Amino acid sequence: METFAVQPRDTTCHTLLYASHHAFRRDLDRLAAAAAAGKGRAAHVRAGWENLKEQIRLHQELQDRWLWPRVERVVARRAERAVLEEMRADHARLAPLVARVDAAMGAGAAGEGGDLRAAVRELREALERHLRHEETSALPLAESVLAEAEWQELAAESRGRCEAGTPMFVPWVVDGIGPVERSRFLTSLPKPLRELNRVMWEPRYRKRRLWSI
Ligand SMILES: [Fe+2]
């Protein structure tokens, strides 16, 4: 089981960025396994894919709309700005690969089919490259230039957007992770959110049986 790093000086927003990388990789493994088994169009696999697309979209929106512009305002060197441009370019490159998986699953309007295994492989490779790129360059850059107060401001700015997705996001992140990572992630959240997750979000998420075939 892959683990994700929860940084010691995290705010919730920062923690969520790292935690979601682990969940992206886990879901793409599940999608690849379903495609290899010829079950890519099974109802719960499609539901898992719909959720994964939404999580990718939210993650990119959080970064492109709030995080990278905030970092950009404080970095001075051209090389640092170039890193942020690379992040945006990576995000743009993922869109057609997501659309290709959609088409291969028959999820698009035309239901055109195609080679799902190849489409998933390409998306997985591109997303992995992007996540590594982000983990080794853009996120360390953000950590080095943003003070704790700025992470908190970022969380406040994006709160409306984050809150709407939280009931799905929290159980999605902890889906299938080890007990130590699970406890570490959940204890990084405010207590009321942990309680909501326990009594409502996680039971509801489990009932959806995402990715089961
Ligand atoms: Fe990203």
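**Overview**

Of the chain's 213 residues, 49% count as buried, meaning under 20% relative accessible area with a 1.4 Å probe, protein chains only. The model is predicted, so local features need pLDDT of at least 70 and side-chain atom pairs count only at pLDDT 80 or more, while totals for chains, interfaces and linings use all residues. Residues are numbered from 1 along each chain as its sequence is written, and side-chain values use heavy atoms, with hydrogens and water left out.

**Fold**

- The chain has 8 helices and 0 strands; helices (H or I, at least four residues) and strands (E, at least two) are DSSP runs, numbered from the N terminus.
- Among contacts (heavy atoms within 4.5 Å) with a separation of 6 or more, 77% join residues 24 or more positions apart.

**Iron site**

- Gln63 (OE1), His91 (NE2), His130 (NE2) and Glu134 (OE) coordinate the iron ion at 2.0 to 2.3 Å.
- Donors are N, O and S atoms within 2.8 Å of the metal (3.2 Å for Na, K and Ca); water is not among the atoms, so sites may look incomplete.
- The angles subtended by the 4 donor atoms run from 79 to 156 degrees, which makes the arrangement irregular.
- Four donors count as tetrahedral if all angles lie between 85 and 135 degrees; four count as square planar and six as octahedral if opposite donors are over 155 degrees apart and all others between 65 and 115; anything else is irregular.
- Along the chain, the donors of the iron ion have the spacing Q-x27-H-x38-H-x3-E.
- Because Gln63 is in helix α2 (residues 43–74) and Glu134 in helix α4 (residues 116–145), the pair ties together parts that are 71 residues apart in sequence.
- Gln63 and Glu134 are both buried.

**A buried glutamine**

- Gln55 is also in helix α2, and its relative accessibility of 4% makes it count as buried.
- Leaving aside residues up to four places away in sequence, Gln55 touches Phe24, Met168, Phe169 and Trp172.

**Nonpolar cores**

- A nonpolar core is a set of buried Ala, Val, Leu, Ile, Met, Phe, Trp, Tyr and Cys residues joined through side-chain atoms within 4.5 Å.
- The largest has 40 residues, and those touching the most other members include Leu31, Trp49 and Trp172.
- Helix α1 gives this core its largest share, 9 residues.
- A second, separate core has 18 residues, among them Trp66, Trp68, Leu141 and Leu146.

Key. Buried < 20%, exposed > 50% of the residue type's maximum accessible area, 1.4 Å probe, protein only.
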